[in-house]
Structure formats: C-alpha cells, structure tokens
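Me: I am new to this structure. Please show me how to read it, feature by feature.

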Amino acid sequence: VVDAKHVLEHLREIKPEGVENECVEQIAFADRILLNKCDLVDKEKLEEVETAIKGINTHADIVRTKHSKVDPMQLLNVGAFDI
C-alpha cells in the first residue's frame with residue numbers, strides 16, 4: 001500500500017551511506033501496488049506519483065484506491081511465482 005499524498009517525500013528521502021531507502025525497496029519488489037488516498041491529491045500529483053513508481057518498478061500493477069478499498073479479486077491469484 002502506497003500513500004499517494006506522502007510517497008514522493010519518502011522516495012526522495014536521503015539516507016545515510018549504507019542505509020537503504022525502504023520505500024524504494026518495497027516498491028521495487030512489489031507485484032501489485034495499491035495506490036491509496038487517491039482522493040486526497042489532484043490528477044497531476046497522481047500522474048507524478050505513478051511515474052515515480054513506474055520508474056522504480058515497471059512491472060507492478062498499480063491499483064488506485066480510496067480508504068484502501070479494493071476488490072479482493074484484484075489481490076488474489078496474482079500468479080507472481082508462475083513460471
């Protein structure tokens with residue numbers, strides 16, 4: 001779950017040497033990303049956030065949500081480990 005309103009701050013956070021940016025790592029390894037709080041930002045900000053996410057992980061599906069409400073079928077049977 002990614003907070004659309006605050007994620008850019010976390011992605012841009014400078015960490016000390018040897019410390020990874022956990023926000024970047026979580027997005028990088030995600031199969032599906034729930035972009036939450038979409039109702040709290042305008043269209044331009046949503047596009048900026050999605051562009052930043054796709055810059056880290058081009059393969060993850062992004063599902064826009066409000067109040068983290070999502071159809072469970074969008075979360076099940078992702079098939080991420082199918083070969």
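Me: Which backbone oxygen lies 2.8 Å from a polar atom of the side chain of Asn57?

Reply: First, the general idea. A polar contact is a pair of N or O atoms within 3.5 Å; within protein, one must be able to donate a hydrogen and the other to accept it, and residues adjacent in sequence count only if both atoms are side-chain atoms. Here, the backbone oxygen of Ala30 lies 2.8 Å from a polar atom of the Asn57 side chain. The backbone oxygen of Ala28 lies 3.2 Å from a polar atom of that side chain.

Me: What kind of model is this, and how are residues numbered?

Reply: It is a predicted model: local features need pLDDT of at least 70, side-chain atom pairs count only at pLDDT 80 or more, and totals for chains, interfaces and linings use all residues. Residues are numbered from 1 along each chain as its sequence is written, and side-chain values use heavy atoms, with hydrogens and water left out.

Me: Is Asn57 buried or exposed?

Reply: Buried means under 20%, exposed over 50%, and partly exposed in between (1.4 Å probe, protein chains only). Asn57 has 5%, so Asn57 is buried. Asn57 is found in the loop between α3 and β3. Across the protein chain, buried residues make up 25% of the 83 residues.

Me: How many helices and strands are there?

Reply: Helices (H or I, at least four residues) and strands (E, at least two) are DSSP runs, numbered from the N terminus. The protein chain has three helices and three strands. From the N terminus on, the order is β-α-α-β-α-β.

Me: In what order do the strands form the sheet?

Reply: Two strands pair if DSSP finds at least two bridges between them. Here three strands form an open sheet, ordered β1-β2-β3, with parallel pairing. β1 (2-3) and β3 stand at the edges, each with a single partner strand, so one side of each has no neighbour in the sheet. Four bridges join β2 (residues 32-36) to β3. Across that pair, Leu35 stands opposite Arg64, and Arg32 stands opposite Asp61.

Me: What is the handedness of the β-α-β unit?

Reply: Point the strands away from you. A crossover is right-handed if the path from the first strand over the helix to the second then runs clockwise. In this model β2, helix α3 (residues 43-56) and β3 make a right-handed unit.

Me: How many salt bridges are there?

Reply: Side chains of opposite charge can pair when their charged atoms come close. A salt bridge is a side-chain nitrogen of Lys or Arg within 4 Å of a carboxyl oxygen of Asp or Glu. By this rule the count comes to five. One of them joins Asp3 and Lys37, with the closest N and O atoms 3.1 Å apart. Asp3 lies in strand β1 and Lys37 in the loop between β2 and α3, so the pair ties together parts 34 residues apart in sequence.

Me: Which side chain meets Asp61 in a salt bridge?

Reply: The side chain of Arg32 does, at 2.9 Å, N to O. This pair links distant parts of the chain: Asp61 is in strand β3 and Arg32 in strand β2, 29 residues apart. Asp61 has a relative accessible area of 39%, so Asp61 is partly exposed. Arg32 is also partly exposed, because its value is 25%.

Me: With which residue does Arg64 form a salt bridge?

Reply: Its partner is Glu50, and the closest N and O atoms are 2.8 Å apart. Arg64 lies in strand β3 and Glu50 in helix α3, so the pair ties together parts 14 residues apart in sequence.

Me: What does phi show at Lys37 and His67?

Reply: Most residues other than glycine have a negative phi. Phi of Lys37 is near 65°, a positive value. Phi of His67 is near 60°, again positive. Lys37 is partly exposed, because its relative accessible area is 30%. His67 has 62%, so His67 is exposed. His67 sits in the segment after β3.

Me: What lies 3.3 Å from the backbone nitrogen of His67?

Reply: A polar atom of the Asn36 side chain. The backbone nitrogen of Ser68 lies 2.7 Å from a polar atom of the side chain of Asn36. Asn36 is in strand β2. At 8% relative accessibility, Asn36 counts as buried.
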